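Let's walk through this model together, starting from a single residue and then moving out to the places where larger parts meet.

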Amino acid sequence: MKLNFVVNTKKYNLDINPALRLLDVLRDHLNMTGTKEGCGEGECGACTVIMNGKAVNSCLVMASQINGKEIQTIEGLRKNGEMDLLQEKFVEHGAIQCGFCTSGMIMSSKALLTENPSPDDEAIKQGIEGNLCRCSGYVQILNAVKDASSAK
Amino acid sequence: MIKKNRYIGRTYPIQDAVTKACGEQIYAGDMKSPRMLYAKILFSTVAHAHIRSIDTSKAEKLEGVVKIFTHANSPAKKFNSYHFFAGQELKEDERLFTDKVRFVGDRVAGIVAETEVVAEKALKLIEIEYDELPVAVSTTQALHDDGECIHEGGNLIDTKELNVGQATEIIAKSFLKFKDTISTQKVHHGAMEPHVCFVRYEMPDEMSIYTPCQSAFAVRNVVAQFLGMNYCSLRVVKTTMGGSFGGKQHVILELIAAFLAKETRSDIRLCYSRTDSILSTITGTAMEMEMESAVDENGKIFATQVNAIVDAGSYLANSVDLSIAAGKKLFRTYDIPNLSYKAKTVYTNTPTAGGFRGWGAPQITTGFELHVENMARKLGMDSISFRLKNLVKPYDEERLGRFSLGNARIRECLTLGAEAFNWSEKKKKSGKKGRYARGAGLACGGHVNGFYGKIQDCSSMILKMNEDGSFILNTGSHDQGCGTVRSFMQIVAEVLDVDIDMVKVLEADTQRSPYDTGTFASRVTYVSGKCAYNVSLKLRDQILETAAKYFNRPKTYMAIKGGRVYLKGDPENQIGFGRLAALSQSVYENEIIALETYSNVSNPGAYAAHFAEVEVDTQTGLVRVVDYLASHDVGKAINRGMVEAQIQGGVQMGIGYALTEEIKTDAAGNPKSTNFSSYHLINAPDMPDVKTLILEFGGDDGPFGAKSVGELAIVPVIAAVMNAVNDALGTHLCHAPLTPEKIIAAIH
Amino acid sequence: MSNVIRPETMDELRSALDRTTPFSKFLAGGTDLVVAMRQSGLEPDTIVDLSGVSGLKFIERDNGMMRIGALVTFSELEKNEILRKHAFCLAKAASQVGSVQIRNMGTLGGNVAHASPAGDCITPLVMLGATAVIMDKNGDCSEKKVSDLILSPNKTSLTHDAVIIEFRFEANDAAYRSDFIKVGSRSTVTISKINIALACKMEQNLVVDIKVALGAVGIKPFRDYETEHAFKGMVPNDNSAGLFASAIRKRVEASIPGRSSLAYKRHAVEGLAFDIFHSVLRPISG
């Protein structure tokens with residue numbers, strides 16, 4: 001099926017098996033391996049990307065659904081070689097250990113802060129409730145998101 | 001004069017934090033090659049059966065399928081996934097692809113195909129007929145006289161005993177004694193990166209395996225031996241680790257993928273799904289423990305006997321070794337003059353048990369801390385006083401192995417932690433108020449620092465200086481995503497007094513790295529870190545030797561500062577490290593390079609006291625952990641922020657272990673937890689703010705006095721939470737996890 | 001390989017319905033189907049991707065009748081001011097489905113068509129007496145009560161060539177208050193073990209009308225008419241919440257006798273019932 005979509009501001013017009021998942025389109029067709037597969041059933045959030053402004057699990061989005069949509073992945077956060085403030089804060093606050101949840105965690109946080117620029121602790125926790133981390137206990141992640149928000 | 005540390009004790013992000021934040025770090029599952037093929041495994045859907053027939057013909061006809069392997073066309077040779085050092089004696093009971101399935105999730109066939117989609121389709125076209133056998137999902141069933149043998153030789157694999165004094169006899173004669181039966185469940189490591197590996201095949205017969213592992217050397221040894229390859233022709237490279245917690249310590253995918261690569265002479269990527277990772281790799285060992293202790297009226301425990309049953313699951317792997325390791329940990333935290341431990345390791349038709357954070361310590365500590373809490377309660381003593389009567393003191397001797405526990409500061413962990421947690425105040429609030437009940441619980445745990453006293457425990461490292469004054473530390477280490485590399489950078493930078501960015505640390509690559517025993521037994525900071533320290537000292541000495549030639553002065557009259565060597569009394573007379581290196585090459589025809597093989601010399605205890613406050617909804621049985629403090633005797637925190645982060649991660653894992661996580665099977669052996677929707681990890685809303693108290697008393701052999709923390713971080717958590725729940729409800733629940741169903745059943 | 005059709009207009013949707021067979025599947029949000037396909041190896045002959053059909057995303061109130069397009073997502077339901085005002089229970093239920101990511105994709109139509117006994121949005125719809133507007137391949141529409149549309153776990157009366165396009169329920173009386181509550185294995189991001197939707201109209205201190213539906217305690221969510229009957233016309237006092245909780249408990253015991261989960265659910269439901277009674281009815285004394 002011919003699909004027109006935008007990833008990280010770049011336009012794509014590709015003929016892809018429409019039954020593939022968006023995750024597969026990103027990782028295999030577009031060679032963007034920053035988005036990870038942790039569970040394949042929308043529970044861990046490692047595959048989170050932003051589609052038309054909303055955080056979604058790319059392992060649950062069928063390729064046909066991305067037609068006409070704008071998608072932002074972790075690779076799209078860096079602008080002109082500069083990290084997004086969220087990325088900087090994740091690094092600064094030690095919110096990254098093994099890094100496997102990081103892409104999804106940052107994208108969920110990005111979607112949250114876009115919609116709610118000054119979230120309180122409860123709102124941040126809710127914003128990342130669909131993102132599991134096994135290394136950290138979420139403490140530094142919360143601090144990073146908080147810091148990125150009040151700094152805005 | 002005590003020098004103030006420039007790097008040690010500071011907080012740094014993990015060495016590749018920026019790369020990871022940008023989504024650019026490469027994990028094994030991201031690796032590709034132009035001619036690669038994809039492998040998928042077909043797993044058994046029955047728990048115990050002989051394979052009567054297996055028909056792969058339909059699958060083979062599918063376009064894009066390259067080859068399919070089953071027991072019929074793969075070696076019958078057996079292996080043990082837990083093998084990690086040369087000369088290790090282990091019973092080998094596992095085949096690549098089995099002809100007798102022993103649990104739902106056992107490997108039945110391997111498919112190599114041109115795409116993952118084709119491989120997955122082919123899996124469904126394979127037809128298998130099973131001759132089913134009776135299933136034993138519990139150790140009780142497995143040990144029953146009529147229990148069907150899972151392997152030849154019966155379901156009782158081994159019985160191990162550890163003994164100090166005359167515990168059994170003393171308890172039999174004692175008047176004041178207490179008995180508890182505690183159990184912990186089978187759990188999943190839950191690393192966010194599922195199991196994966198990538199193999200490059202190089203004609204005529206060489207291979208490189210890229211894998212997130214805990215010992216590249218173990219992978220090399222097991223694979224090379226199984227396939228009959230020279231170690232020098234099989235390269236194993238440790239890739240960026242997306243979390244392991246023991247789950248990737250065994251050699252499983254690497255062996256299968258290497259076999260498939262060799263047979264098809266192709267590059268192979270083998271990715272396990274989350275379900276595959278939960279069921280078909282290794283799990284955290286379930287244990288049943290019966291503990292009985294005799295105490296005097298002052299609360300001094302003078303004898304304890306423990307009978308344990310270790311559920312190995314379907315294959316031996318490490319279970320007998322773990323049964324011993326768990327028992328040994330009983331001797332580490334409390335000073336009990338008579339202690340006997342007996343453990344039976346048993347096969348069951350359930351997922352295989354293997355390495356898991358703490359290696360028996362979470363289980364045995366949960367058992368003992370619930371037992372201790374029960375004794376304190378029955379004696380009318382408070383939790384802290386009772387423990388203080390029995391905990392080890394600094395430099396006590398570990399009674400079983402007769403070696404020193406080093407500067408053991410569990411008492412301070414307990415008393416200072418209690419104060420920081422406001423323990424007494426919180427205890428006053430214990431009990432039910434209307435629908436909700438509040439409770440506070442604590443637990444003490446101890447862990448090891450390496451294998452000393454057990455098996456070989458050494459690391460080798462090479463440190464060299466480049467011609468610009470930067471350094472390369474070549475190690476056989478495996479950063480698990482916890483900052484090992486960063487901590488080594490700090491150590492080298494501190495000893496050599498150079499900018500931390502001037503230090504590059506290489507991880508395990510069996511063709512290029514010197515040998516390291518691996519990331520096990522909490523040895524990395526204590527042993528490998530000490531190696532890094534020692535090799536840095538050696539290199540510093542070489543730098544001074546070279547400078548001595550340059551200055552034509554004895555070394556004693558020189559000092560090092562900020563990457564330069566200068567003459568004492570004449571600081572303007574100096575030379576930069578880089579120039580020294582260049583001079584060393586051109587003039588002295590010498591390289592500034594040092595090799596150190598460091599062998600562990602001690603095994604002190606690392607200790608922690610954890611405190612949990614919970615609120616239990618007595619109507620729904622849901623437990624909320626509302627406050628948490630972890631008080632750790634770390635010796636010295638090399639990277640302070642990372643130490644805190646590791647502790648908090650351990651608490652996340654432990655809370656799940658205590659309340660929500662379990663790999664369950666039904667009576668027929670069908671798994672009921674197959675993905676995160678049915679195996680619940682603690683998410684951000686349910687995680688309390690974990691406070692840490694880092695106590696640094698030094699006094700042992702680690703670099704700058706550092707001791708371990710990563711495994712210890714989970715050890716006391718389960719019991720702290722369970723003790724808190726029991727405190728809230730006035731119950732004595734002893735079987736983890738404390739699910740809402742169990743809590744409601746106990747209340748009503 | 002499945003044939004994927006992606007209609008973008010109602011006309012194209014009709015024509016797509018004509019091409020389906022009993023082995024075809026519909027994709028709305030994807031949060032159920034994509035996982036099911038991978039787990040079971042299900043390969044439908046045709047997948048109709050509904051997510052691009054225009055005209056199926058609306059939340060309106062026409063003459064006191066709430067109309068919700070089948071493709072409205074849980075996030076949209078959660079945040080919609082009209083819905084929060086007139087049927088708070090449904091907005092609340094939507095806010096507690098899965099995680100943020102799931103709520104951004106999952107749809108009301110998908111939730112009903114998937115017919116999980118624990119489907120969080122189904123319980124409020126049943127409580128509200130909502131109907132589903134179903135369109136067939138000829139473009140003909142029929143209306144069926146959601147409680148009749150759902151037959152048993154994961155089974156509805158929808159034929160392969162028909163699709164839900166809209167939901168409707170009466171929302172013409174501002175005096176009604178409603179709420180939704182659930183309990184699962186953990187506090188958030190969890191499948192319901194029990195859920196309750198409750199609506200009540202009070203005049204002075206009298207319960208003029210009360211509607212309650214229970215979910216995840218039977219083959220499908222259902223109205224508890226007995227409890228409604230018992231509480232209609234009562235003047236609530238300090239004991240009422242407890243009585244309500246007992247009544248709900250009895251209903252659950254009657255609904256899943258012999259089920260192993262009953263031992264837990266019979267107690268947990270009392271807590272839920274107590275909470276939701278308090279949030280919807282205003283008790284007499286503080």
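B:S277 sits in helix α8 of chain B, which spans residues 274-279 (helices are DSSP runs of H or I with at least four residues, strands are runs of E with at least two, and both are numbered from the N terminus). The whole thing is a predicted model, where local features need pLDDT of at least 70, side-chain atom pairs count only at pLDDT 80 or more, and totals for chains, interfaces and linings use all residues. Residues are numbered from 1 along each chain as its sequence is written, chains are lettered from A and ligands numbered from 1 in the order in which they are written, and side-chain values use heavy atoms, with hydrogens and water left out.

Is B:S277 buried or exposed? With a relative accessible area of 1%, B:S277 is buried (buried means under 20%, exposed over 50% and partly exposed in between, using a 1.4 Å probe and protein chains only). Setting aside neighbours within four places in sequence, B:S277 is in contact with B:H188, B:P194, B:H195 and B:Y272, where contact means heavy atoms within 4.5 Å.

Now follow chain B to where it meets chain C. Here 17 residues of chain B are in contact with 21 residues of chain C. The size of an interface is often given as the accessible area lost when the parts come together. Chain B and chain C bury about 1,600 Å² between them, with 51% of it on carbon and sulfur atoms (buried area is the accessible area, with a 1.4 Å probe, that two parts lose on being put together, summed over both). There are two salt bridges between these chains, a salt bridge being a side-chain nitrogen of Lys or Arg within 4 Å of a carboxyl oxygen of Asp or Glu. B:R435 forms a salt bridge with C:D275, and their closest N and O atoms are 2.8 Å apart. On the chain B side, α3 (116-125) and α19 (740-747) are the elements that give two or more residues.

Two salt bridges are counted between domain 1 and domain 2 of chain C. C:K92 forms a salt bridge with C:D179, where the closest N and O atoms are 3.0 Å apart. Three elements of chain C, namely α5 (88-95), α8 (122-127) and β8 (150-152), each supply at least two residues of the domain 1 side, and α8(C) gives the most, with five residues.

A:E115 forms a salt bridge with A:K54, the closest N and O atoms being 3.8 Å apart.
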